[in-house]
Amino acid sequence: MNDQRSAAGAPAAVAAVERAAAVAVPEAVPALGDAAGPARPKGRGAALAPIALVVAGGLSVQFGSAVAVLLMPRAGALGVVTLRLAVAALVLLVVCRPKLRGHSRADWGTVLAFGLAMGGMNTLFYQAADRIPLGAAVTLEVLGPLALSVFASRRLINVVWAGLALGGVVLLSGGGLDRLDPVGAAYALGAGVMWATYIVFSARTGRRFPQADGLALAMVVAALLSLPLGVIESGSKLLVPTTLGLGAAVALLSSVLPYTLELMALRRLPAPTFAILMSLEPAIAATAGFLILDQALTTTDALAIALVIGASMGAVRSQTRRAKPRERA
């Protein structure tokens, strides 16, 4: 069992979803620096910076997942979700000190939806990981953002990269999708839907709230959603000092750090590129499992990793090529 959270966000994804409701939304999301006033730095480094944030977030969350594996027998799947989200919410509230005044109803509605998506994504995935192999669960979950990347994309090349990445994550499942517990598979697919929803509302939250204020408030919503479930399942086990310590480590590695990095990256990165980069998650998870949990990699696993890395490299090249004309302008 393991913990998977991946988060993405992008203005084009928001536009694609909201176009279905006949709502016009700007395609560009202001970067952190734009809100403060200074001009955005130019050059290849500026184009690669958000990509580095996504990769760093993926490394953090997947190695945090290895810690969650050690914690699950002590606290249960729902207990781990509760510890992770509750500790993350406390840390973000202390660090960000978000303002509660001056926000519109639409702002609060966005935060509420963002938090519900975050809590639902984590809860559903943990339930899936409790019933089916981790590789298959991650593969099914990642179908959500991959599908969103195709629907949101306006360029054929992004469909090609998404298809290549999808082939990789299917291989990484080990070909066992036909033997999965149907309830576990349904939970994983539900987690994928919530992941895609998270993408949309993460982008909207990034537009409406400065820095990570919206993330902190949404994390509180997610924690409150998961708290009664965790208490019912694990009760006083959640208060054991060693369990609390591991829960804090999982929260920092799998929630606070990656969510913050990705919230920053989504303000600068196009939707198709961001979503395809999320396909690196199964490969990073396999590496973390090999290094920390002694889970051996098969030849098929290695081929799958090569496919998703190839797709991600293609996405990176597309992003940097699109950045060059903007710099010349």
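1. Let's start with a helix crossing: the axes of α7 and helix α9 (residues 241–266) come within 9 Å and cross at roughly 75 degrees. An angle from 65 to 115 degrees counts as roughly perpendicular, and α7 and α9 are therefore roughly perpendicular to each other. Please keep in mind that this is a predicted model.

2. As for who makes this contact, α7 contributes Y198, S202, A203 and G206, while α9 brings Y259, L263 and L266. Sorted by type, the residues of the contact of α7 with α9 are five nonpolar and two polar, with no charged ones.

3. The partners are F114 and Y198, with ring centres 5.0 Å apart and planes at 55 degrees, so the pair is tilted. F114 sits in helix α4 (residues 105–129) and Y198 in helix α7 (residues 182–208), so the pair ties together parts that are 84 residues apart in sequence. Both F114 and Y198 are buried.

4. My last stop is S226, in helix α8 (residues 213–234). Is S226 buried or exposed? S226 has a relative accessible area of 3%, and because buried means under 20%, S226 is buried.

5. Which residues does S226 touch, leaving aside its neighbours within four places in sequence? The contacts of S226 are V81, T82 and L85. S226 and V81 are 145 residues apart in sequence, yet their C-alpha atoms are 6.9 Å apart in space.

Notes:
Residues are numbered from 1 along each chain as its sequence is written. This is a predicted model: local features need pLDDT of at least 70, side-chain atom pairs count only at pLDDT 80 or more; totals for chains, interfaces and linings use all residues. Side-chain values use heavy atoms; hydrogens and water are left out. Rings of Phe, Tyr and Trp (its six-membered ring) pair if their centres lie within 6.5 Å; planes under 30 degrees apart count as stacked, over 60 as edge-to-face and the rest as tilted. Helices (H or I, at least four residues) and strands (E, at least two) are DSSP runs, numbered from the N terminus. Buried means under 20% relative accessible area, exposed over 50%, partly exposed in between (1.4 Å probe, protein chains only). Contact means heavy atoms within 4.5 Å. Axes are lines fitted to C-alpha atoms, for helices over the stretch in contact, and angles run from 0 to 180 degrees between N-to-C directions. Angles under 35 degrees count as roughly parallel, over 145 as roughly antiparallel, 65 to 115 as roughly perpendicular and the rest as oblique. Ala, Val, Leu, Ile, Met, Phe, Trp, Tyr, Cys and Pro count as nonpolar, Asp, Glu, Lys and Arg as charged, and the others, Gly among them, as polar.
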